[in-house]
Amino acid sequence: MRKLLKAFGYKLFRDLTFKITLIIGAGVALMMSLLFLMIEKTGQSGVPFSVCTGQSLLAIAVNPAEGFGYSVPINLCIFIVLEFTSGTIRNKIIAGNSKFKIYASLFISGLVFALALMAMYIAVCFGFGCAIGGFNPNGQVFGMTAFGTMYGHFILKLLIITLLSYVTITSISVCVATVFRNVGPCIPITIIYIMVFGMFPMIFASIPGMEDFTNVLSYINPFHSLVCFAKEIDMSSFNPADENAVVLYNITIANDVFIRGIIVNLVYSLGFFALGAHLFVKRDVK
């Protein structure tokens, strides 16, 4: 197993595509920071606080459906499919490695791949935000579906769910790539998966009267806590006499939703790992 991981890791970090993706990620992070700065300076944010901050950019960067998050499953599928088309997987089997160990090494190496990409992107976004607007763990956050003051252990919970979400994304991507072994169907499947669980809930959450439906989705959506923050109206900012007043919220991740998110991600991760490993072991490699 160690030799398999070492070989995959050596190949991964010498891969030109991986390096280019890292550079693109840094560029996207810079553009995102500048976009938030422009929104703030032009007064388009609609909120009475700075939006280009460490906490706001962190809340945006962790969302898999935000933009750069799509690069993880796409690049992961491409890399694993190339392992098949180049004959590398076949050679590993001929060398006497068990199929289960090969699959497990693909998953672990893919997880390192995914976390390396996203850690870089999130760190750069967070760094630019801190440099421009500072960072306050109990300050205001400008999110996609809510904006206001975060409280509780919001950031800690956010990072834990982010970590588990990318374990889920890796598990699904590796499973899909080893089943189809062709880039053609792999990329659309992984993109659709992230869109369904990462983008559609945000749309539902923004529609008045859909709160209960959005909450039901949290039982099956591993990304729920990353895209739909729990919010309560900050009464100190609420003035019913002023129709133009901006309503701010107290933003958090409820404990029950947080625990639910952990369980859902673990179920998805273990389920797709077991499914992918079973199919890979049973199927011949040409």
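**Figure 1. Arg181 in the loop between helix 7 and helix 8.** In this predicted model, Arg181 is placed in the loop that joins helix 7 (154–180) to helix 8 (183–198). Helices (H or I, at least four residues) and strands (E, at least two) are DSSP runs, numbered from the N terminus. The phi angle of Arg181 is near 55°, a positive value in a residue other than glycine. Most residues other than glycine have a negative phi. Is Arg181 buried or exposed? Arg181 is buried, as its relative accessible area is 15%; buried means under 20% relative accessible area, exposed over 50%, and partly exposed in between (1.4 Å probe, protein chains only). Residues are numbered from 1 along each chain as its sequence is written, and side-chain values use heavy atoms, with hydrogens and water left out. Because the model is predicted, local features need pLDDT of at least 70 and side-chain atom pairs count only at pLDDT 80 or more, while totals for chains, interfaces and linings use all residues.

**Figure 2. The protein chain and its confidence.** The protein chain has 12 helices and 4 strands. Of its 286 residues, 47% count as buried. Among contacts between residues at least 6 apart in sequence, 81% join residues at least 24 apart, where contact means heavy atoms within 4.5 Å. The chain averages a pLDDT of 83, and 88% of the residues score at least 70; pLDDT is the predictor's confidence in each residue, from 0 to 100. Where pLDDT is low, the predicted coordinates should not be read in detail.

**Figure 3. Tyr121 and the largest nonpolar core.** The largest nonpolar core has 73 residues. Such a core is a set of buried Ala, Val, Leu, Ile, Met, Phe, Trp, Tyr and Cys residues joined through side-chain atoms within 4.5 Å. Which residues have the most contacts inside this core? They are Phe36, Tyr121, Phe154 and Tyr193. Helix 6 (residues 99–133) contributes the largest share of this core, 14 residues. When residues up to four places away in sequence are not counted, Tyr121 touches Gly25, Val28, Ala29, Met32, Ala61, Glu66 and Phe68.

Figure 4. Val174 is found in helix 7 and counts as buried, at 0% relative accessibility. Its contacts, not counting residues up to four places away in sequence, are with Leu76, Ile80, Tyr103, Leu106 and Phe107. Val174 and Phe79 are 95 residues apart along the chain, and their C-alpha atoms are separated by 9.9 Å. Leu34 is found in helix 2 (residues 16–41) and is partly exposed, with a relative accessible area of 47%. The C-alpha atoms of Leu34 and Phe128 are separated by 8.9 Å, although these residues are 94 apart along the chain.

**Figure 5. The largest pocket.** About 400 Å³ of space lies in the largest pocket. Of the 19 residues that line this pocket, Glu211, Thr214, Phe229, Ala230 and Lys231 are the closest to its centre. On a 1 Å grid over the protein atoms alone, a cavity is a set of points where a 1.4 Å probe fits but cannot get out, and a pocket is an open set with protein on both sides within 12 Å along at least five of seven lines; lining residues have an atom within 4 Å of a point. Grid points are joined across faces, edges and corners, and a volume is the space filled by probe spheres set on the points. Helix 10 (211–217) gives the most to the lining of the largest pocket, with 3 residues. By class, the lining has 11 nonpolar, 6 polar and 2 charged residues; Ala, Val, Leu, Ile, Met, Phe, Trp, Tyr, Cys and Pro count as nonpolar, Asp, Glu, Lys and Arg as charged, and the others, Gly among them, as polar.

**Figure 6. Arg260 and the second largest cavity.** The second largest cavity has a volume of about 30 Å³ and is lined by Ser218, Asn221, His224, Ser225, Val257, Arg260 and Gly261. Helix 12 supplies the largest share of this lining, 3 residues. Arg260 lies in helix 12 and is buried, with a relative accessible area of 12%. Arg260 touches Asn215, Ser218 and Tyr219, not counting residues up to four places away in sequence.
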